[in-house]
Amino acid sequence: MSEQSQLTWKYVKRRLERFQNETNEAAVRRDLAILRRGAGKAPGESPEIFSILFDEFPEELLSKNGKPTQGEWAAASALCLFALHQQGMDLHEKPMNQEKCSLGGAVRKLATDDDKLESVRRRFNQLLSAPDIRSCTYYLRTLIQMLNSKEIPVDYPALAEKLFWFQYSEGREQVKFQWGEEFYRTQNSELQNEEKDV
């Protein structure tokens, strides 16, 4: 299974690099617009994304029974959320996919003061209480729209891998723990920096 999660990570990374390196900007804008329509939905609910999603998709991750696999769910969700996140910004000047930008840390940056912290924490806790991948991607969609408005990037291949594991009960708890740790560790380090400045 860890091999499949790595394949998901590699596929999303490769797909995003292709968007970044594509010289036909009109085609990239078209593909991202198509992907945006799939954000927060199950892969089969947006058949228009198939031509983008399944282009060079790893054979090992493809469905054998007509139901989306964990890899298909994770890759489709990550790519569609990226497209939503990138909306309105130049892919070369302001890419919203950045390595090592954890989801929890990115969401924490939305809270610029105590009033916003409570609002952000409430939305983040909804994500952490998601019981399944469908509700997880629903709550992620809202958070990604907020990150878009502040131009705060996320590491999308890493997010895809987390979404893969989220679909297993044991993995789900680990992913939620990691997201929570990223969010609160960032908050604690900010408080320590403020104390040093006093």
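This is a predicted model: local features need pLDDT of at least 70, side-chain atom pairs count only at pLDDT 80 or more; totals for chains, interfaces and linings use all residues.
Helix 8 spans residues 156-166 and is largely enclosed by the rest of the structure, since 8 of its 11 residues are buried. The buried positions are Tyr156, Pro157, Leu159, Ala160, Lys162, Leu163, Phe164 and Phe166. At the start of helix 8, the backbone nitrogen of Ala158 lies within 3.1 Å of a side-chain oxygen of Asp155.

Helix 7, formed by residues 133-150, packs against helix 8, with the two axes coming within 10 Å and crossing at roughly 155°. Because this angle is over 145 degrees, the two helices are classed as roughly antiparallel to each other. Their crossing is right-handed. Helix 7 contributes Ile133, Cys136, Leu140 and Ile144 to the contact, and helix 8 contributes Tyr156, Leu159, Leu163 and Phe166. The residues of this contact comprise 8 nonpolar, no polar and no charged.

Most residues other than glycine have a negative phi. Glu56, in the loop between helix 3 (50-53) and helix 4 (70-86), has instead a positive phi, near 65°. Lys100 is likewise not a glycine, and its phi is positive at about 70°. Lys100 is located in the loop between helix 4 and helix 5 (103-108). With a relative accessibility of 73%, Lys100 counts as exposed, because the threshold for that class is over 50%.

Definitions and conventions
Residues are numbered from 1 along each chain as its sequence is written. Side-chain values use heavy atoms; hydrogens and water are left out. Buried means under 20% relative accessible area, exposed over 50%, partly exposed in between (1.4 Å probe, protein chains only). Helices (H or I, at least four residues) and strands (E, at least two) are DSSP runs, numbered from the N terminus. A polar contact is a pair of N or O atoms within 3.5 Å; within protein, one must be able to donate a hydrogen and the other to accept it, and residues adjacent in sequence count only if both atoms are side-chain atoms. Axes are lines fitted to C-alpha atoms, for helices over the stretch in contact, and angles run from 0 to 180 degrees between N-to-C directions. Angles under 35 degrees count as roughly parallel, over 145 as roughly antiparallel, 65 to 115 as roughly perpendicular and the rest as oblique. A crossing is left-handed if the near helix is turned anticlockwise from the far one by less than a right angle, and right-handed if clockwise. Contact means heavy atoms within 4.5 Å. Ala, Val, Leu, Ile, Met, Phe, Trp, Tyr, Cys and Pro count as nonpolar, Asp, Glu, Lys and Arg as charged, and the others, Gly among them, as polar.
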